[in-house]
Amino acid sequence: YFSKDVTVFNERDIINPNGKIKRPDRIVRQGNNLAIIDYKTGASLPKHKTQLDEYADLLGKENVKKYLVYINEEIEVVSW
């Protein structure tokens, strides 16, 4: 997701149907595939997964890979 053959959108606004702005940290497009990457500090919370699921719904794509990267003393990556 960090190579030259992908298209990257860092912190781009997505407006939901209610007019509220959502801003994922990183969206990566490689062909027809999308991945959403969001960086967090602190503890893993269920609302973080919900947030990424919402981003994916707003993009209107199925089979979007979602990654939460927790940056603390150790780095933890959660994907689904």
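Ser 79 is partly exposed, with a relative accessible area of 47%, a value that falls between the limits for buried (under 20%) and exposed (over 50%), taken with a 1.4 Å probe and protein chains only. This serine is found in strand β7, which covers residues 75–79; strands here are DSSP runs of E with at least two residues, helices are runs of H or I with at least four, and both are numbered from the N terminus. Ser 79 and Tyr 67 are 12 residues apart in sequence, yet their C-alpha atoms are 4.4 Å apart in space. Once neighbours within four places in sequence are left aside, Ser 79 is in contact (heavy atoms within 4.5 Å) with Lys 66 and Tyr 67.

The model is a predicted one, in which local features need pLDDT of at least 70 and side-chain atom pairs count only at pLDDT 80 or more, while totals for chains, interfaces and linings use all residues. Residues are numbered from 1 along each chain as its sequence is written, and side-chain values use heavy atoms, with hydrogens and water left out.

Along the principal axes, the C-alpha trace spans about 35 × 35 × 20 Å. Of the 80 residues, 32% are buried. Among contacts between residues at least 6 apart in sequence, 42% join residues at least 24 apart. The protein exposes about 5700 Å², and carbon and sulfur atoms supply 46% of this area, as computed by the Shrake-Rupley method with a 1.4 Å probe, where for residues only the protein chains shown count as cover.

Charged pairs come next. The structure holds four salt bridges, each defined as a side-chain nitrogen of Lys or Arg within 4 Å of a carboxyl oxygen of Asp or Glu. One of them joins the side chains of Asp 13 and Arg 23, at 2.6 Å from N to O. This pair links distant parts of the chain, 10 residues apart: Asp 13 lies in the loop between β1 (7–10) and β2 (14–15), and Arg 23 in the loop between β3 (21–22) and β4 (26–30). Asp 13 counts as partly exposed, at 43% relative accessibility, and Arg 23 is likewise partly exposed, at 42%.

Another salt bridge brings together the side chains of Glu 54 and Lys 22, at 3.5 Å from N to O. Glu 54 lies in helix α1 (residues 46–59) and Lys 22 in strand β3, so this pair ties together parts that are 32 residues apart in sequence. Glu 54 is partly exposed, with a relative accessible area of 30%, whereas Lys 22 is buried, with 16%. A further salt bridge is formed by Lys 40 with Asp 38, whose closest N and O atoms are 3.2 Å apart; both of these residues are buried.

Leaving aside neighbours within four places in sequence, Asn 16 is in contact with Lys 22, Glu 54 and Leu 58. Asn 16 is placed in the loop between β2 and β3 and counts as buried, at 11% relative accessibility. The Asn 16 side chain reaches the backbone nitrogen of Asn 18 at 2.9 Å.

The side chain of Asp 25 reaches the backbone nitrogen of Tyr 39 at 2.7 Å. Asp 25 and Ile 37 are 12 residues apart in sequence and 6.2 Å apart in space, C-alpha to C-alpha. Not counting residues up to four places away in sequence, Asp 25 touches Phe 9, Asn 10, Glu 11, Ile 37, Asp 38 and Tyr 39.

Tyr 39 belongs as well to a nonpolar surface patch of about 620 Å², made with Tyr 1, Phe 2, Ile 71, Ile 75 and Val 77. Patches are made of residues with over 30% relative accessible area and no salt bridge, with nonpolar side chains (Val, Leu, Ile, Met, Phe, Trp, Tyr) joined within 5 Å and like charges within 9 Å.

Note on methods. Polar contact = N/O pair within 3.5 Å; in protein donor to acceptor, adjacent residues only side chain to side chain.
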